[in-house]
Amino acid sequence: MRALILAGGRGTRLRPLTHLIPKPLVPFMGDPYAHGLLRRLVDAGVTRATFLVGRDAAPFQPLVDAAPQLGLEIDVATEEMALDTAGAVRRALADEPDEPVLVCNGDVLTDVDLRRIIDSHVRSGAVATLTLHEVADTSAFGVVVRNGEGMVRRFVEKPQPGTVPDNTINAGTYVLQPRLFGHFPGDGPLSFERQVFPGLLDAGERMLGVNDDAYWQDLGTPARYLEGHRAVIDGECAWPLAEGMVVVEGQSAIHPSAVVDETAVVRFGSVVGPRCRVGAGAVLQGAVLHEEVEVHDAAVISDALVGALSEIGTGVVVPKGSVLGIRTYLGTR
């Protein structure tokens, strides 16, 4: 099976972490986020994954290079102009046979059962299957309304709670039949949300909506990125960890190559990445350290992200909510 991964966003809300690397390559639980996603795709039966990116494919080359160890074929498709959420998918599937294709976002953390979604799609005979996520307050989302068989009947934009029979929203993972794009000829920008899915309903096509109680989180902001780590550490979200990464008492995750002094405190969903060093009396509370970060004695980092090769000096207190880019130094020399 083939998967298409939407990865054309610029990651502006995660800067400076995304100044030099694309969002899917930002470390997550000790590995680039995309590595965990690709492992999940392999488990679901995917043999080829294509990253749909912006104009420049070069930053994604490390993913192509990692294909043998991840166990699938990986390629990258660029776009000379922004093609919106569906335009690049339409282009990628232009010459494909009408076999199911999985489409997912390159910045959404979810442990949705992909095999169940794929199997449900195949059994239903639908042209498209949408994964759905329940929300308490529908007023900030577009709601997907289904019939008793799970088939999508309409989309309602930001309804007040209780005014529609469903409280499920589009969770951004789809299984599609390439033939659906016959309703949308062309090669320019195209939106799933505004054009494709409403258009399929208007054309009388069958669309399945599958509700799942899986974890779901957009990792596009620092706060959500931190929250995603905490969800994996405390077991709320099942996600593949970097090889050897150890979760300690539901409080922290520490890479086996890291060195953490026995007097240091590491808790509240903190992550210590590969080859990091954490000194005596240092305190990490909800902090995520990327590769080769050095935290000196008595430093305190709370609810903050620290990019690779950074150094936090002795006794330094990193302000809550900080996002430190690659090779950042805080302290006195």
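**Rings and cores: a short tour**

Hi everyone, let's start with phenylalanine 181, which is buried at a relative accessible area of 8%, where buried means under 20%, exposed over 50% and partly exposed in between, using a 1.4 Å probe and protein chains only. Before going on: this is a predicted model, where local features need pLDDT of at least 70, side-chain atom pairs count only at pLDDT 80 or more, and totals for chains, interfaces and linings use all residues. Residues are numbered from 1 along each chain as its sequence is written, and side-chain values use heavy atoms, leaving out hydrogens and water.

Now, the partner ring. Phenylalanine 192 is also buried, with a relative accessible area of 1%. Rings of Phe, Tyr and Trp (its six-membered ring) pair if their centres lie within 6.5 Å; planes under 30 degrees apart are stacked, over 60 edge-to-face, and the rest tilted. The rings of phenylalanine 181 and phenylalanine 192 have centres 6.5 Å apart and planes at 50°, so this pair is tilted.

How many aromatic pairs are there by this rule? The count is nine. Another one joins phenylalanine 51 and phenylalanine 60, with centres 6.2 Å apart and planes at 35°, so that pair is tilted too. Both phenylalanine 51 and phenylalanine 60 are buried. Ring pairs also link Phe28, Tyr33, Tyr225 and Trp239 into a cluster.

On to the cores. A nonpolar core is a set of buried Ala, Val, Leu, Ile, Met, Phe, Trp, Tyr and Cys residues joined through side-chain atoms within 4.5 Å. The largest has 55 residues, of which Phe28, Leu38, Leu41 and Phe51 touch the most other members. Apart from it lies another core of 28 residues, including Phe184 and our friend Phe192.
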